[in-house]
Amino acid sequence: MLKQTEAEQLLSVLVGMPTLSSDVVANDIALEYIEHYLVERGMFIKRFQFDGHSALVASTRRNNDKKPAVLLAAHVDVMTGSEQVFTMRQEDGKLKGRGVYDMKFAIAGYMQLVDDLKGNLSDYDFAIMVTTDEELGATSALNGTGNLVKAGYLPKVCILPDSAAPGWNIEKLCKGHWRFDLIANGRTAHSSRPWEGDSASFKLVQALHDIKAEFKDHGPTTDTLNIGIIHGGETYNQIPSLMTAAVEIRFLHRESYDKHIRMVKGICQLHDVSYKDYSAKMPIKTDLDHPLVKSFMDSIEAVTGIRPEGSISYGGTDASYFVEHGIPCIVSCPEGGGHHSENEWITRESFLHYVPILRHYIEKTARIKS
């Protein structure tokens, strides 16, 4: 096995911290570790807390300017896994462990970048944002990133290397999502006398069947459907009076969202059911011709020798919070996969390209001109 670089050592330490979104103590310990490292090298820190979850912003500027030239964003919280995934290991040219891909590699890279620039940080205008509640999932409430953007952290460009566009390709489109609860009400009765009741389960099943029929052959470049939770009923021999299903539709275009709403409303009327919105996010589009985006693509090519392409992301990130304010958010990450699984990985070679890419980009976009 090759000797670990400093960046790999940092990543190994971070992977070893079981920073589940629900474990606020573990996340606070991780932020303390990151803060101590960055302060020692000359960064200026502000800490925040939103709904019990901590966040950190580190800046090269003493006043922790809210509008840096470049913001390097990441979340340190991860999904649960077996005990072994919290020890980073190297196998067949891959680094494996919880968070190596989603997305502790990014934080390790930011820390290494600051170490490389220590002593000269005042020559640059960039900030690092680390949150601890991204994996809790999208709701109608703001998470840490959303709250910080609302508080005025509005950079010229944001780098968010979440696990959406692997292999250094640039996210050009991220599917939107609509989450809602489908609700069926009925009238309970003994199952031996179903004619005396009104089965909520039959209504729900029929409605779900009709919704599913609208998503034949769904795939990477189509709108997709998931029925995540079905709940209701008490026992075998009682007709249920209430049944619910948690439904998620991911879509490519805003027009698709409107179409799906009309479809669900029609099916609800047909089967005497209703729906209740949980959350919705519109698709995110990134202009690959934007000068700050093209410049990042140039940096990737300069370091790797390969020109990145645009890609479609199927899962969401915190990029939407920046895009809503007209801020280009570059979603691009190393070659990797298996996030949220027992086999999460990134290639070592790709990870070792990360800091040089950041350094190349920072020199062009965040160096303060004298």
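This is a predicted model: local features need pLDDT of at least 70, side-chain atom pairs count only at pLDDT 80 or more; totals for chains, interfaces and linings use all residues.

Visitor: Why is aspartate 92 called exposed?

Guide: Aspartate 92 has a relative accessible area of 79%. Exposed means over 50%, buried means under 20%, and partly exposed lies in between (1.4 Å probe, protein chains only). So aspartate 92 counts as exposed.

Visitor: What is the phi of aspartate 92, and where is the residue found?

Guide: Its phi is near 50°, a positive value in a residue other than glycine. Aspartate 92 sits in the loop between β4 (89-91) and β5. Strands are DSSP runs of E with at least two residues, helices are runs of H or I with at least four, and both are numbered from the N terminus.

Visitor: What about aspartate 51: is it buried or exposed?

Guide: Exposed, because its relative accessible area is 70%. Aspartate 51 also has a positive phi, about 50°, although it is not a glycine. Its place is the loop between β1 (44-50) and β2 (53-59).

Visitor: Why is leucine 204 called buried?

Guide: Its relative accessibility is 1%, so leucine 204 counts as buried. The residue lies in helix α5 (residues 200-212). From leucine 204 to serine 82 there are 122 residues in sequence and 36 Å in space, C-alpha to C-alpha.

Visitor: What makes aspartate 198 and lysine 203 a salt bridge?

Guide: The rule asks for a side-chain nitrogen of Lys or Arg within 4 Å of a carboxyl oxygen of Asp or Glu. Between aspartate 198 and lysine 203 the N to O distance is 2.9 Å, so the pair passes the rule. Aspartate 198 is at 28% relative accessibility and therefore partly exposed. Lysine 203 is at 9% and therefore buried.

Visitor: How many salt bridges does that rule give?

Guide: The count comes to 19. One of them joins glutamate 344 and arginine 98, with the closest N and O atoms 2.9 Å apart. This pair links distant parts of the chain, 246 residues apart. Glutamate 344 is in the loop between β16 (336-337) and β17 (345-347), while arginine 98 is in the loop between β5 (94-96) and α3. Both residues are buried.

Visitor: Why are arginine 254 and aspartate 258 said to be about one helical turn apart?

Guide: Because they are four residues apart in helix α6 (residues 254-271). Arginine 254 has a relative accessible area of 43%, so it is partly exposed. Aspartate 258, at 29%, is partly exposed. Elsewhere, salt bridges that share partners join Glu40, Arg41, Asp115 and Lys118 into one network.

Visitor: How are two packed helices described?

Guide: By the angle between their axes and the distance between the axes. Axes are lines fitted to C-alpha atoms, for helices over the stretch in contact, and angles run from 0 to 180 degrees between N-to-C directions.

Visitor: Why is α1 called oblique to α3?

Guide: Helix α1 (residues 6-15) and helix α3 (residues 104-117) pack at about 135°, with axes 9 Å apart. That makes α1 oblique to α3, because under 35 degrees counts as roughly parallel, over 145 as roughly antiparallel, 65 to 115 as roughly perpendicular, and the rest as oblique.

Visitor: Which residue pair has a cis peptide bond?

Guide: Aspartate 102 and methionine 103, with omega at about -15°. Methionine 103 is placed in the loop between β5 and α3.

Technical notes:
Residues are numbered from 1 along each chain as its sequence is written. Side-chain values use heavy atoms; hydrogens and water are left out.
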